[in-house]
Amino acid sequence: GGALVTVRGSGFLSSPGMLCRFGDIDVAASFINEEEVACVSPLGSAGSSHLVSVSLNGVDFSPSSIKFRYTAPIEVYTLNPKWADESGGVTVVVGSGFEDTDELTCIFERRQVASIHMQAEYLSSTELRCQTPPMTAASEVMLRVTVNGVEISSS
């Protein structure tokens, strides 16, 4: 829980009774514009999914087939190897909370340079394989992981 969720649709109006519903749990919603509403997801169990709907008056909810899925926290413990040639290479990431999703990505970050996102290969819930990107010069990078494109590991 605690993720900022943007619900996209149409016909949203600003109203004091606006709610988002995750399964059977209602939370306050914030009007962004006629096509977007924001709310914070309630606590949930990793692996569980809930339908999300919106109410403008706190009584009548939109029909929904959109699911919000809770994931386990993603953690990176170590890399093997911990270095790569300037032309790139392959490293195995050891951690926890990894899931086999289309959004599974290794994010390579350097100071004052745009992050490089590389599709990760799922090996298990504790191991990934990442292609390391080529670099123009030797440099230290921070590696982060995301399973859903939203939540990102600390490092």
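**Conventions**

Two strands are taken to pair if DSSP finds at least two bridges between them; strands are DSSP runs (E, at least two residues), numbered from the N terminus. The model is predicted: local features need pLDDT of at least 70, side-chain atom pairs count only at pLDDT 80 or more, and totals for chains, interfaces and linings use all residues. Residue numbers start from 1 along each chain as its sequence is written, and side-chain values use heavy atoms, with hydrogens and water left out.

Strand 3 (residues 25–33) pairs with strand 4 in the antiparallel sense over four bridges, and Ser30 has Ala38 of strand 4 as its bridge partner.

Six strands form an open sheet in the order 7-8-11-10-9-12, with antiparallel pairing. Strand 7 (75–80) and strand 12 (142–146) are the edge strands, each pairing on one side only. From one strand to the next, the twist averages 35 degrees, with axes fitted to C-alpha atoms and angles between N-to-C directions running from 0 to 180 degrees.

At the edge formed by strand 12, the antiparallel pairing with strand 9 (residues 105–110) extends over five bridges. Glu109 has Met142 of strand 12 as its bridge partner.
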